Amino acid sequence: LNNNKYKKISEVFDNKFEIPQHFPQDTDVFHISAVRGFYYVTGRYFAQIGKIEWAYKSYFLLSDLDSNHKTTEILGKEIVAYELHELKRTLAKHKK
């Protein structure tokens, strides 16, 4: 993600963007670091491809786990950057 290789994320995750999809069906407990890492990566991926609702879902999940964690903060900043970019684009269209 940091090297703009975000297009490979869907391939790496086999288009499965919920953590239970990567474990045996009877798995219902996940380590917090696995959940945090998974939804941090998928949230950033969704923000970068413009699926902002999905990015928000990841953000809120991370926020529920630990609102002060660095991953929550970084994803939140990426979402705000996306929203500001879209607002700027919308305003530019109306200006013309």
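Predicted model: local features only at pLDDT ≥ 70, side-chain atom pairs only at ≥ 80, totals over all residues.
Modeller: The protein has four helices and zero strands, arranged along the sequence in the pattern α-α-α-α. Its C-alpha atoms fill a box of roughly 55 × 30 × 20 Å along the principal axes.

Biologist: Why is T71 counted as buried?

Modeller: The relative accessibility of T71 is 13%. Buried means under 20% relative accessible area, and T71 at 13% is therefore counted as buried. T71 lies in helix α4. Leaving out residues up to four places away in sequence, T71 touches R36, Y40 and L62.

Biologist: What makes Q25 exposed?

Modeller: Q25 has a relative accessible area of 83%. The cut-off for exposed is over 50%, so Q25 at 83% is exposed. Q25 is placed in the loop between α1 (9–12) and α2. The C-alpha atoms of Q25 and K7 are separated by 27 Å, with the two residues 18 apart along the chain.

Biologist: How do you know that α2 is roughly antiparallel to α3?

Modeller: The axes of α2 and α3 cross at roughly 155 degrees and come within 8 Å. Angles over 145 degrees count as roughly antiparallel, which means that α2 is roughly antiparallel to α3. The crossing of these two helices is left-handed.

Biologist: Which residues of α2 and α3 meet?

Modeller: On the α2 side they are I32, V35, R36, Y39, Y40, T42, G43, F46 and A47. These meet I52, W54, A55, S58, L61, L62, L65 and D66 of α3. By class, this contact of α2 with α3 has twelve nonpolar, three polar and two charged residues.

Biologist: Why is α2 described as roughly parallel to α4?

Modeller: The axes of α2 and α4 cross at roughly 10 degrees and come within 10 Å. Angles under 35 degrees count as roughly parallel, and α2 is therefore roughly parallel to α4. From α2, the contact is made by R36, Y39, Y40, G43, R44, A47 and Q48. From α4, it is made by T71, I74, L75, E78 and Y82. The residues of the contact of α2 with α4 divide into six nonpolar, three polar and three charged.

Biologist: Which residues touch the most other members of the largest nonpolar core?

Modeller: They are F17, Y39, I52 and A55, in a core of 17 residues. The elements that give two or more residues to this core are α2 (32–49), α3 (52–66) and α4 (70–95). Of these, α2 gives the most, with seven residues. In soluble globular proteins, nonpolar side chains tend to be buried together.

Biologist: What is Y39 in contact with, leaving aside its neighbours within four places in sequence?

Modeller: Y39 is in contact with F17, E18, I19, P20, S58, L61, L62 and L75. Y39 also takes part in the meeting of α2 with α3 and in the contact of α2 with α4.

Biologist: What share of the contacts with a separation of 6 or more is between residues 24 or more positions apart?

Modeller: Such residues account for 50% of those contacts in the protein.

Note on methods
Residues numbered from 1 in each chain as written. Heavy atoms only, no water. Core = buried A, V, L, I, M, F, W, Y, C linked by side-chain atoms within 4.5 Å. Buried < 20%, exposed > 50% of the residue type's maximum accessible area, 1.4 Å probe, protein only. Contact = heavy atoms within 4.5 Å. Axes fitted to C-alpha atoms, helices over the stretch in contact; angles between N-to-C directions. Parallel < 35°, antiparallel > 145°, perpendicular 65-115°, else oblique. Left-handed = near helix turned anticlockwise from the far one by under 90°. Nonpolar A, V, L, I, M, F, W, Y, C, P; charged D, E, K, R; others polar.
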